[in-house]
Amino acid sequence: MEYIDKSQELIIRISEDDEAAFNTLFQLYHKRIYSFAFKLLNSTVEAEEVVQNVFLALWNQRKNLNISVSITSYLFGIARHQAYDFIRQKINHESYAEYFLEQNDDYAFVTEDVVVYNELENKIRHYIGMLPDRRREIFLLSRMEKMSYKDIAEKLSISENTVDTQIRHALNFLRRQLVDYFILLLSLFALK
């Protein structure tokens, strides 16, 4: 009963913009949500993104929180929804790839696709290089070394919340930088 009361108290404090309460709730739940998402997705990167998205959604909705179920049910409901979104995206991507291969008997675009992929990879590397040193280090440990938030935090002697924040900022920066490139690519493929 005390645990439930503590969670409800944290929610009230979070709705009042209390970052310390948010950090406490994050510490209480992030490992369990990560494990849950990893079981569904079998991907450390996607499981970590689910954790980020769950707590980002909680923070963004803090003023409107009216949780009639337990906080555990609420957080895991968001996590389940996020994981299903990843699964749907994978299915759609794989279906499109299969359809594309079936429709194109000649593989003239394969070379062009390799060029586009290499160009995108170079752009991503360039933008990663533009990140502040510490953020870049944290991002590369997560995405290239496949280290968990906990392992990164221990290695760099920082909190897991700092790791989460830095990765979230890095991803947002990369998305902003690459959105125009993706729009250009989509328009080029639409012309084919």
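Let's start just after helix H2, where asparagine 42 takes a positive phi of about 55°. Helices here are DSSP runs of H or I, at least four residues long, numbered from the N terminus.

A quick word on the source. This is a predicted model, where local features need pLDDT of at least 70 and side-chain atom pairs count only at pLDDT 80 or more, while totals for chains, interfaces and linings use all residues. Residues are numbered from 1 along each chain as its sequence is written, and side-chain values use heavy atoms, leaving out hydrogens and water.

Back to H2. It covers residues 19–41 and bends by about 45° at tyrosine 29. That bend is the angle between two fitted axes, one for the seven residues ending there and one for the seven starting there. What caps the N-terminal end of H2? Aspartate 18 does, with a side-chain oxygen 3.0 Å from the backbone nitrogen of alanine 20.

Several H2 residues are buried, among them Ala21, Leu25, Tyr29, Ile33 and Leu41. Buried means under 20% relative accessible area, exposed means over 50%, and partly exposed is in between, with a 1.4 Å probe and protein chains only.

Now the rings. Rings of Phe, Tyr and Trp (its six-membered ring) pair if their centres lie within 6.5 Å; planes under 30 degrees apart are stacked, over 60 edge-to-face, and the rest tilted. By this rule there are six aromatic pairs. Take phenylalanine 22 and phenylalanine 55: their centres are 6.0 Å apart and their planes sit at 85°, so this pair is edge-to-face. Phenylalanine 22 is in H2 and phenylalanine 55 in helix H3, so the pair ties together parts 33 residues apart in sequence. Phenylalanine 22 is buried at 10% relative accessible area. Phenylalanine 55 is buried too, at 2%.

Another pair is tyrosine 34 with phenylalanine 38, stacked at 6.1 Å centre to centre and 15° between the planes. These two are four residues apart in H2, about one helical turn. Tyrosine 34 is partly exposed at 22%, and phenylalanine 38 is partly exposed at 31%. Ring pairs also link Phe22, Phe26, Phe55 and Trp59 into a cluster.

Next, the cores. A nonpolar core is a set of buried Ala, Val, Leu, Ile, Met, Phe, Trp, Tyr and Cys residues joined through side-chain atoms within 4.5 Å. The largest one has 26 residues, and those with the most contacts inside it are Ile14, Leu25, Ile33, Phe55 and Leu58. Which helices each supply at least two residues of this core? H1 (2–15), H2, H3 and H4 (71–103) do. H2 gives the most, with eight residues. A second, separate core has 19 residues, including Tyr149, Ala170, Phe173 and Leu174.

Is glutamate 49 buried or exposed? Buried, with a relative accessible area of 14%. Leaving out residues up to four places away in sequence, glutamate 49 touches Phe86, Arg143, Leu171 and Arg175. Contact here means heavy atoms within 4.5 Å.

Last, two loops. Lysine 146 has a positive phi of about 60°, although it is not a glycine. It sits in the loop between H6 (133–143) and H7 (149–156), and lysine 146 is partly exposed at 48%. Serine 157 also has a positive phi, near 55°. Serine 157 lies in the loop between H7 and H8 (160–191), and at 68% serine 157 counts as exposed.

Definitions and conventions
A polar contact is a pair of N or O atoms within 3.5 Å; within protein, one must be able to donate a hydrogen and the other to accept it, and residues adjacent in sequence count only if both atoms are side-chain atoms.
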